[in-house]
Amino acid sequence: MSMSVAISKNSKILALFAISCTAIVGLVNELTKDRIYHQQQKQLLSTLNNIIEAKRYNNELTLDCVKVNSLALGSDKQQTVYLARLNSTPVAAAITAVAPNGYNGNIELIVAMNVDGSINGVRILNHQETPGLGDKIDLAKSNWITSFSGKSLMSQNDSRWAVAKDGGMFDQFTGATITPRAVVAAVKKTALYFKENQNSLFSQKNDCQLTNEVLMSDNEEKTRDDNEN
Amino acid sequence: MKINDEFKEIIWQGLWKNNPGLVQLLGLCPLLAVTSTITNALGLGLATLLVLVCSNTTVSAVRQWVPKEVRIPIFVLIIAAFVSCVQLLMNAFAHGLYQSLGIFLPLIVTNCAIIGRAEAYASKNPIKQASFDGLMMGIGFSLVLLTLGTIREVLGQGTLFDGAHLLLGDWALVLRIEVFQFDSQFLLAILPPGAFIVMGFLIAAKNAIDDKLTQQQPKTEQQNIERVRVNFDAQ
């Protein structure tokens, strides 16, 4: 008898604590939600402005995008293409892509393509490459990633699009060839994809205008998953 | 003056005698994983410190109402709630800091040093002592993180404070010191095995210092060999 009394008392106390802890987290979440969303938009915009100069376009870049599914971008997951326009004329597009063959799994990157087919800039968004060797693809460690800027792809079999070891024009790192090789291949594929789909990308329905909030929380979940991995 | 002695004992326990990193060996996962640079070590140290103080204070404040059979799940709830709140608030109000600490913050939940302190100290002591214990244990843990981070960063990349601007803002770019230049980095120090090795040396050094100290002191009473312990009574 006393046992069941103790059990029910304890479970009531536990439930009370669970409810109040959840309530506090829920409340803080509610209070910070708008601010966090705002901060993330700002962050996204500053990433995009790093690869497409802000003065070159005048549309709301973070709210003008299309979602695409293409194996050419390195994964079967949905990728986002942000479209930069100056007075409604297409200027450039920033395409998220995945290099599936990094040394330690996927490397996520974003590639800015000009409408003339040249590359305006590339940044690594997420990677798990070996610190000190492969992580030089990160701008924080080395400026290797800027060597893509201004390059363009002449044809599908453009042999310059490889690391120097394979006879191409991009340096590899001492002790790490696999990582830059994967990045070069991913950027090349993305450039090809853009060339083939350029017109349709700029005329598709905008996916970011209304559903942006949903989209951001999707992204957030994705990054969290990646972090846990 | 009795209170003063109690607080002195808490400082001594937290920073040296019962240091969470070197003696209790709690929270090894984040400790070994993120100490490849001073900046990372500092970031995780500060976040842990904050959560430890908050959780110790709360656990101590509610200790009368918590039945001992369900105390562990309740402590876990409290700690998880604090970490989530810290994460949300940091994301909203210090977004830059959140970007660089993002991965470490959820790791704090898994840091057994925090639940260890809640269980061993905060649940049995008044709020003042408990929050002070949280502060001291947090500082003790951070100091170990910083030492480990310093040694690994100098050995591994030959720099100090690399990437400090991610944590402290752009002014911190000037803090970066190039101690010496490598042609290629000393990978072992940066990768997890290096963390284990450096940690081993740190513990050995602490034990050696302790041995020296006991040798210098005249024998007062018979020394009984103590095992590494999580609990202590500071009464």
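# Chains A and B: what the words mean

Mentor: Let's start with chain B: of its 235 residues, 40% are buried.

Trainee: What makes a residue buried?

Mentor: You count the other C-beta atoms within 10 Å of its own, with C-beta atoms placed from the backbone: 20 or more is buried, 12 or fewer is exposed, and in between is partly exposed. Before we go on, this is a predicted model, where local features need pLDDT of at least 70, side-chain atom pairs count only at pLDDT 80 or more, and totals for chains, interfaces and linings use all residues. Residues are numbered from 1 along each chain as its sequence is written, while chains are lettered from A and ligands numbered from 1 in the order in which they are written.

Trainee: What is pLDDT, then?

Mentor: That's the predictor's confidence in each residue, from 0 to 100. Chain A has a mean of 85, with 91% of its residues at 70 or more. Chain B averages 81, and 86% of its residues score at least 70. For the complex, the predictor gives an ipTM of 0.70 and a pTM of 0.70.

Trainee: Where in chain A does pLDDT stay under 50?

Mentor: Over residues 221–229. The model has three contacts for that stretch beyond four places in sequence.

Trainee: What does B:Phe186 touch?

Mentor: Leaving out residues up to four places away in sequence, B:Phe186 touches B:Leu155 and B:Gly156. "Touches" means that the two C-beta atoms, placed from the backbone, lie within 7 Å.

Trainee: What makes something a helix or a strand?

Mentor: Both are DSSP runs, numbered from the N terminus: a helix is H or I with at least four residues, and a strand is E with at least two. By that rule chain B has eleven helices and two strands.

Trainee: How do you know that the length of H3(B) agrees with its number of residues?

Mentor: The expected span is 1.5 Å times one less than the number of residues. For the 24 residues of H3(B) that comes to 34 Å, and the end C-alpha atoms are 34 Å apart, so the two agree. H3(B) is also mostly covered, with 20 of its 24 residues buried.

Trainee: What makes a group of residues a nonpolar core?

Mentor: Its members are buried Ala, Val, Leu, Ile, Met, Phe, Trp, Tyr and Cys residues joined through C-beta atoms within 7 Å. The largest such core here has 48 residues, and B:Val51, B:Ile78, B:Ile79 and B:Ile114 have the most contacts inside it. H3(B) gives the most to this core, with ten residues. B:Ile114 touches residues including B:Val51 and B:Ile79. A second, separate core of 44 residues includes A:Ala93 and A:Val184.

Trainee: How do you know that S4(A) and S5(A) pair?

Mentor: Pairing needs at least two DSSP bridges between the strands. Strand S4 (residues 105–114) and S5 of chain A are joined by six and run antiparallel, so they pass. One spot to look at is A:Ala112, which stands opposite A:Gly121 in S5(A). Four residues lie between the strands of this hairpin, where A:Gly117 takes a positive phi near 95°.

Trainee: Which residues form the contact between the chains?

Mentor: Chain A puts in 21 residues and chain B 26. On the chain A side, helix H1 (residues 2–51) gives the most, with 15 residues. That side has eleven nonpolar, nine polar and one charged residues.

Trainee: What makes a residue nonpolar, polar or charged?

Mentor: Ala, Val, Leu, Ile, Met, Phe, Trp, Tyr, Cys and Pro count as nonpolar, Asp, Glu, Lys and Arg as charged, and the others, Gly among them, as polar.
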